[in-house]
Amino acid sequence: MRQKGRLVLRWTGWAAAYVAGLAALVFAGAWVWWQPEPEARGTEANALWARHQWVGEPHSDAEYRALGKLLEENRITDVFFHAGPFEADGTVPPGKYRYARQLIEAVRKYAPGVRAQAYLGQVRVVDGHGVIDLDDAAVRERVLKTDAIFLDLGFDGIHYDFEPIYYDDRAFMTLMDRTRELTRSKGGLLSVALEQPTLADAAQPVYKALLPRSGALHYPPRPTEGFLRAVADRADQVAIMTYDVSLPTRSLAGWHFARHTRTTLELIGDRTTVFMGVPTYRPLMDWAEDLPVALRGIRRGIDDLKRPPKRPYGVGVYADWTTDPAEWARYRAAWPPPATESPAG
């Protein structure tokens, strides 16, 4: 028995050493890959998620002027002004956006050319948990009527952020089809925020079979290649929520942003405008993931492309309420191209 125990301990030790060796190789390889400075520069197609107070509270002319200056300095072309969330029935109470028209007039005055979009979403009902039931056709119709109200107010587009959205969500795709008809009829844009794509599409059916879609332990709502293409064919813009990496080193976090940038642009960059989301808040592993790491990783991903996408692309800054002047300075140092350069994409 003692000999058998020693054998088990020996094999356990060898297995642990093997795993530790593989981990060391991964960390070392990522560190070496991370060192060269990216060649790609930033672009002039960039977005910003903005706080609800812009549509829900009054602002002075000086505040609107300062907003316009910030958008111009940082080459922001699209702002997703939080205008919801939707109520469970698909409506948004008018009191929540009573200052939307003043905001739109101010953006047109102080940031001409910037598109102000109504940022609308809610927690989607999945397996009986959530707030808004997109499977209910009546709810979807009220969502569309609400969208029309915002477009008639003067917003340049509708930006959806329903979560979670899984790759087999037919009701969501139906809503996308109907919303595209609406926005095009009114000369507006349809944009959508999605989770970062899967690492392996083949894993999704396994997750679906073994894990629930709600609760503390659930399988991640990542878009597959086919689903992402289908959304891109319906949307004018797709913003990928690439943040919340939860990787322990800057090089690994940078690799995450680089990989998703390259694969997303290769997959849908010819079909729609793409914004890769970057964080200015403090994520779980903030020593590894921050704005400079995200921007550098995205530039590395662009470097890896065989050719630039046919459609414009850039970053989406999340969010204006977590971005202080120091963060904006870091953004300008790492991302926008010199004024003399033409926009990428």
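The following questions and answers concern a predicted model of one protein.

Reader: On what basis are the residues numbered, and which pLDDT is needed for local features?
Author: Residues are numbered from 1 along each chain as its sequence is written, and side-chain values use heavy atoms, with hydrogens and water left out. In this predicted model totals for chains, interfaces and linings use all residues, side-chain atom pairs count only at pLDDT 80 or more, and local features need pLDDT of at least 70.

Reader: How many helices and strands are there in the protein?
Author: Helices (H or I, at least four residues) and strands (E, at least two) are DSSP runs, numbered from the N terminus. By that rule the protein has 11 helices and 8 strands.

Reader: What percentage of the 345 residues count as buried?
Author: Buried means under 20% relative accessible area, exposed over 50%, and partly exposed in between (1.4 Å probe, protein chains only). Of the 345 residues, the part that counts as buried is 49%.

Reader: Are the two faces of strand 7 covered or uncovered?
Author: In a regular strand the side chains alternate between the two faces of the sheet. In strand 7 (residues 273-279), 7 of 7 residues are buried. On one side these are Thr273, Phe275, Gly277 and Pro279, and on the other Val274, Met276 and Val278, which leaves both faces covered.

Reader: Which strands pair with strand 7 in the parallel sense?
Author: Two strands pair if DSSP finds at least two bridges between them. Over 4 bridges, strand 7 pairs with strand 6 (residues 237-241), and alanine 239 stands opposite phenylalanine 275. Over 6 bridges, strand 7 pairs with strand 8 (residues 313-318), where valine 274 stands opposite tyrosine 313.

Reader: Which helix makes a β-α-β unit with strand 7 and strand 8?
Author: A crossover is right-handed if, with the strands pointing away from the viewer, the path from the first strand over the helix to the second runs clockwise. Strand 6, helix 9 (residues 250-268) and strand 7 make one such right-handed unit. With strand 7 and strand 8, the right-handed unit is made by helix 10 (residues 291-303).

Reader: Which residue has a side chain joined to that of threonine 280 by a polar contact?
Author: Threonine 280 has its place in the loop between strand 7 and helix 10, and it is buried, with a relative accessible area of 5%. A polar contact is a pair of N or O atoms within 3.5 Å; within protein, one must be able to donate a hydrogen and the other to accept it, and residues adjacent in sequence count only if both atoms are side-chain atoms. A polar atom of the threonine 280 side chain lies 3.3 Å from the backbone nitrogen of alanine 319. The side-chain to side-chain contact, of 2.7 Å, is with threonine 323.

Reader: How far apart are the end C-alpha atoms of helix 5?
Author: The expected span of a helix is 1.5 Å times one less than its number of residues. Helix 5 (residues 137-153) has 17 residues and should therefore span 24 Å. In agreement with this, its end C-alpha atoms are apart by 25 Å.

Reader: Which residue caps the N-terminal end of helix 5?
Author: A side-chain oxygen lies 2.9 Å from the backbone nitrogen of alanine 138. That oxygen belongs to the capping residue, aspartate 136.
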